Amino acid sequence: NPAGCRMWTLAWLGIASLCLGAAWAAPAKERRKAEKPKADLALYETLDLDNYDLTLDNYGEILDLNNYEELYDYGDLARKIEVGTLAPRPKDPAALPNLGTTAETPNLQPPTTTGPINPGPVPARGECGCLPSCLLCLCIGTSVYCDDADLENIPLLPPETTYLYARFNRIGAIRASDFTGLKKLKRIDLTSNFISWADADAFRLLPSLQELILPENRLTALPELPHSIVRLDARLNRIPSTGLRPEAFRDLKQLQFLHLSDNQLDYIPAPLPESLRSLHLQNNNIQTMHEDTFCDSQDHSQVRRALEDIRLDGNPINLSLFPNAYFCLPRLPTGRFF
């Protein structure tokens with residue numbers, strides 16, 4: 001039968017083509033595996049590793065990171081964490097979990113009501129992490145930051161304290177014991193409190209104190225200052241001239257900045273140390289001055305080069321009435337000359 005012969009021939013040819021295709025496929029696959037390393041080797045042969053220097057000049061040519069975020073998207077690999085308020089430090093180190101042992105269910109005991117709970121001894125100055133200042137404030141190195149902490153008194157400070165910032169609180173007074181033993185304290189900033197008085201020895205015994213910042217308080221008198229003081233800022237208080245000790249600033253040989261503006265002073269607090277560079281007395285009630293307030297009237301060769309900034313504006317004094325009071329100054333005071 002001719003038709004049957006053709007069908008048989010076609011079937012035989014189909015089987016033969018499949019066998020031949022399978023036979024050629026395996027060698028081709030092996031050939032591709034062999035060709036790929038050869039191509040990789042050829043690529044590395046052209047790379048000069050001896051001169052592969054990565055510098056700022058060729059960084060953009062060697063490493064192209066323009067599409068780095070497109071190639072690697074880590075957005076779904078990790079859960080996003082929101083940073084909020086840190087948990088408070090545990091007061092008892094035993095309260096910290098022991099990660100080295102297997103957690104066990106604690107055996108809880110019912111609270112007893114037989115007597116009051118003893119809180120234990122009050123931590124003394126110098127016990128790390130237990131001082132009130134480091135619980136209520138922020139202690140970083142030798143600096144203590146107590147701004148806007150709703151304080152009513154100076155907290156107990158670590159003995160190594162160098163800088164204290166206790167601004168914008170409700171502190172009403174400064175006691176001599178507040179800074180006892182703080183021999184390294186250089187700066188005290190008590191801006192914007194309710195301070196109405198300070199003990200006479202509150203600052204005098206601080207051998208390293210250089211800056212005392214007391215503006216925007218209710219002081220009516222200044223305590224005695226240490227000889228190390230460089231800057232005194234007591235603006236915006238209620239200090240009259242009677243609130244200053246006689247010749248209060250004469251022996252302060254390192255004082256450079258004396259700012260007492262916006263008080264109730266009646267006269268300039270002379271004598272002033274030769275080290276003074278800036279004197280701000282604006283907006284007081286100063287009406288007159290002596291010829292020796294700034295210069296020695298007996299020594300017309302005197303020159304006070306340091307005292308370049310004197311502000312007397314906002315006072316009811318006519319500075320033109322005292323022409324012999326400024327001959328030693330590099331600049332005239334700021335104020336009314338008519």
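Biologist: Where does His259 lie, and is His259 buried or exposed?

Modeller: This is a predicted model, and in it His259 is found in strand S9, which covers residues 257–259. The cut-off for a buried residue is under 20% relative accessible area. Because His259 has a relative accessibility of 13%, His259 counts as buried.

Biologist: Which side chain makes a polar contact with the side chain of His259?

Modeller: Leaving aside neighbours within four places in sequence, His259 is in contact with Leu232, Asp233, Ala234, Arg235, Ser278 and His280. The side chain that makes a polar contact with the side chain of His259, at 3.1 Å, is that of Ser278.

Biologist: How far apart in space are Asp233 and Pro215, C-alpha to C-alpha?

Modeller: Pro215 is one of the residues that Asp233 touches. In sequence the two are 18 residues apart, while in space their C-alpha to C-alpha distance is 6.2 Å.

Biologist: How many salt bridges does the count come to, and which residues do salt bridges that share partners join into one network?

Modeller: The count comes to 18 salt bridges. Among the pairs is Asp313 with Arg311, whose closest N and O atoms are 2.7 Å apart. Arg311 counts as partly exposed, because its relative accessible area is 30%. Salt bridges that share partners make one network of Asp147, Arg167, Arg187, Asp189, Glu211, Arg231, Asp233 and Arg235.

Biologist: With which residue does Lys184 form a salt bridge, and how many residues apart is the pair?

Modeller: Lys184 forms a salt bridge with Glu160, and the closest N and O atoms are 2.6 Å apart. The pair links distant parts of the chain, since Lys184 sits in the loop between S4 and S5 whereas Glu160 sits in the loop between strand S2 (143–145) and strand S3 (163–165), a separation of 24 residues. Lys184 counts as partly exposed because its relative accessibility is 45%, and Glu160 counts as partly exposed because its value is 42%.

Biologist: Which backbone nitrogen does the side chain of Asp178 reach?

Modeller: Asp178 lies in the loop between strand S4 (173–174) and strand S5 (187–189), and because its relative accessibility is 4%, Asp178 counts as buried. Not counting residues up to four places away in sequence, Asp178 touches Ile154 and Ala173. At 2.8 Å, its side chain reaches the backbone nitrogen of Arg175.

Biologist: Which residues of the largest nonpolar core touch the most other members?

Modeller: In the chain of 338 residues, buried residues make up 31%. Leu279 touches Leu258, Ile268, Leu272, Phe294, Leu307, Asp309, Ile310 and Arg311, not counting residues up to four places away in sequence. The largest nonpolar core has 57 residues, and those touching the most other members are Leu164, Phe179, Ile188, Phe249, Leu279, Met289 and Phe294.

Biologist: Which residues form a nonpolar patch on the surface?

Modeller: The chain exposes about 23,300 Å², of which carbon and sulfur atoms supply 56%. Ile140, found in strand S1 (residues 138–140), belongs to a nonpolar surface patch with about 280 Å² of accessible area together, and the patch is formed by Leu138, Ile140 and Tyr145.

Biologist: What is phi of Asp148, and what is phi of Asp150?

Modeller: Asp148 is found in the loop between S2 and S3, and Asp148 is exposed because its relative accessible area is 62%. Asp150 has its place in the loop between S2 and S3, and counts as exposed because its relative accessibility is 53%. Each has a positive value in a residue other than glycine: phi of Asp148 is near 50 degrees, and phi of Asp150 is near 60 degrees.

Biologist: Which residues does a cis peptide bond join?

Modeller: Pro271 lies in the loop between S9 and strand S10 (278–280). The cis peptide bond, with omega about 0 degrees, joins Ala270 and Pro271.

Technical notes
Residues are numbered from 1 along each chain as its sequence is written. This is a predicted model: local features need pLDDT of at least 70, side-chain atom pairs count only at pLDDT 80 or more; totals for chains, interfaces and linings use all residues. Side-chain values use heavy atoms; hydrogens and water are left out. Helices (H or I, at least four residues) and strands (E, at least two) are DSSP runs, numbered from the N terminus. Buried means under 20% relative accessible area, exposed over 50%, partly exposed in between (1.4 Å probe, protein chains only). A polar contact is a pair of N or O atoms within 3.5 Å; within protein, one must be able to donate a hydrogen and the other to accept it, and residues adjacent in sequence count only if both atoms are side-chain atoms. Contact means heavy atoms within 4.5 Å. Accessible areas come from the Shrake-Rupley method with a 1.4 Å probe; for residues, only the protein chains shown count as cover. Patches are made of residues with over 30% relative accessible area and no salt bridge: like charges are joined within 9 Å, nonpolar side chains (Val, Leu, Ile, Met, Phe, Trp, Tyr) within 5 Å. A salt bridge is a side-chain nitrogen of Lys or Arg within 4 Å of a carboxyl oxygen of Asp or Glu. A nonpolar core is a set of buried Ala, Val, Leu, Ile, Met, Phe, Trp, Tyr and Cys residues joined through side-chain atoms within 4.5 Å.
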